[in-house]
Amino acid sequence: MKRLIATLALAALAPLAQAQAPQGCPEKNVLYWQAFPPGGESDLSARHQQIVLKKRCAAIDTIIQYKAGAGGALMWTQINQLPGDGLNVVGVNLPHIVFQPIEGQVQYKTQDITPVFWFHYTPDILVVPEQSPIKSWADFLATAKASPGKLSLGGSGLNSANHAAHERMNAAFGIKTVYVPFKGTGDMATSVLGAQVDGAMTYTPFAIANKGRVRPLAVAMDKRHPLMPDVPTFKELGVNWVDGAYRGIGVPKSTPPEARKRLSDLWAALNNDPEMKELAAKAGFELVNVGADQMDAFMAEKVKLYTEGAARLGLGKK
């Protein structure tokens with residue numbers, strides 16, 4: 001009889017234990033697909049999320065997979081071949097997923113991508129190697145004007161946020177520098193730190209992670225970055241430029257709406273975790289929260305903005 005009572009008591013407690021488990025946790029491990037190689041901003045943000053997701057959903061793991069190539073296009077072309085089970089999540093970037101199809105050299109369209117949450121934004125920043133003779137924005141501008149086409153600047157991908165920022169800078173300041181695309185920021189790092197290129201149009205996390213090894217010259221923020229208070233904004237330099245790259249997660253189109261919403265809510269919870277906020281601030285990520293409920297309006301606005309920008313920057317079909 002005592003054994004029966006104990007069994008019944010455990011059975012009664014089971015629903016309570018389930019009710020106390022974190023809401024929205026996946027039932028199985030999550031495959032988190034990255035469109036860029038290890039070592040860049042997308043990888044770093046995925047690692048942050050992996051840490052916080054494990055704390056929140058201890059029973060499952062987030063397994064990060066890499067399928068890099070063509071500035072992210074290799075992965076995004078294949079996104080809809082993945083199972084739509086709510087367990088396959090793909091890192092996606094703006095303006096890349098708008099610019100690349102406009103250029104017409106990729107095998108996917110913007111409409112083929114199904115974002116469910118945008119979690120942060122990284123401002124554009126111009127850097128040079130620490131050993132560069134270019135010590136300031138004024139030095140850079142003078143050098144670029146004196147020798148058009150001589151300075152080479154690395155960046156992550158063709159028809160990416162880095163590429164667009166490079167073209168924008170050339171146009172805004174009437175200079176000509178050469179853009180050198182890499183598979184991702186991680187691949188670019190060796191060339192920049194070794195001064196194989198003259199500098200890079202990159203993102204704030206790269207400058208922060210390589211403090212003392214690169215010299216930031218100007219940043220595309222509304223105000224100076226708190227971790228780089230000596231670096232002027234492009235607005236201070238006379239150009240109204242506050243921009244960068246957005247990063248988020250997307251899913252295969254076959255993923256049911258309820259699974260999309262669960263992932264969106266889960267990533268929102270990760271973004272609101274104090275540990276995530278601390279990790280993001282230290283790395284130079286500016287957190288944003290654009291979930292499934294706001295997605296249609298957000299994407300419509302961004303597609304319009306980046307389509308107009310692509311035409312201005314000459315990234316449209318030739």
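Visitor: Why are helix 2 and helix 9 called roughly perpendicular to each other?

Guide: In this predicted model, the axes of helix 2 (residues 41-56) and helix 9 (residues 257-271) cross at roughly 100°. Angles of 65 to 115 degrees count as roughly perpendicular, and helix 2 and helix 9 are therefore described in that way. Their axes come within 10 Å.

Visitor: Which residues of helix 2 meet which residues of helix 9?

Guide: From helix 2, Gln49, Val52, Leu53 and Arg56 take part, and they meet Leu266, Trp267, Ala269 and Leu270 of helix 9. The residues of this contact divide into six nonpolar, one polar and one charged.

Visitor: What makes Trp137, Phe140, Leu141 and Ala144 in helix 5 buried residues?

Guide: Buried means under 20% relative accessible area, and these four residues of helix 5 (residues 137-146) are buried. They cover an arc of only 95° around the axis, which puts them on the same side of helix 5. An α-helix has 3.6 residues a turn, so residues three or four places apart point the same way. On the other side of helix 5, Ala138 and Ala146 are exposed.

Visitor: Against which elements do the buried residues of helix 5 pack?

Guide: They pack against strand 4 (114-129), strand 5 (152-156), helix 6 (161-173) and strand 8 (214-219).

Visitor: Which residues have the most contacts inside the largest nonpolar core?

Guide: Within this core of 28 residues, they are Trp76, Leu94, Ile97 and Trp118. Helix 11 gives the most to the core, with five residues. Leaving aside neighbours within four places in sequence, Trp76 is in contact with residues including Phe36, Val90, Ile97 and Tyr108.

Definitions and conventions
Residues are numbered from 1 along each chain as its sequence is written. This is a predicted model: local features need pLDDT of at least 70, side-chain atom pairs count only at pLDDT 80 or more; totals for chains, interfaces and linings use all residues. Side-chain values use heavy atoms; hydrogens and water are left out. Buried means under 20% relative accessible area, exposed over 50%, partly exposed in between (1.4 Å probe, protein chains only). Helices (H or I, at least four residues) and strands (E, at least two) are DSSP runs, numbered from the N terminus. The arc is that of the directions from the helix axis to the C-beta atoms. Contact means heavy atoms within 4.5 Å. A nonpolar core is a set of buried Ala, Val, Leu, Ile, Met, Phe, Trp, Tyr and Cys residues joined through side-chain atoms within 4.5 Å. Axes are lines fitted to C-alpha atoms, for helices over the stretch in contact, and angles run from 0 to 180 degrees between N-to-C directions. Angles under 35 degrees count as roughly parallel, over 145 as roughly antiparallel, 65 to 115 as roughly perpendicular and the rest as oblique. Ala, Val, Leu, Ile, Met, Phe, Trp, Tyr, Cys and Pro count as nonpolar, Asp, Glu, Lys and Arg as charged, and the others, Gly among them, as polar.
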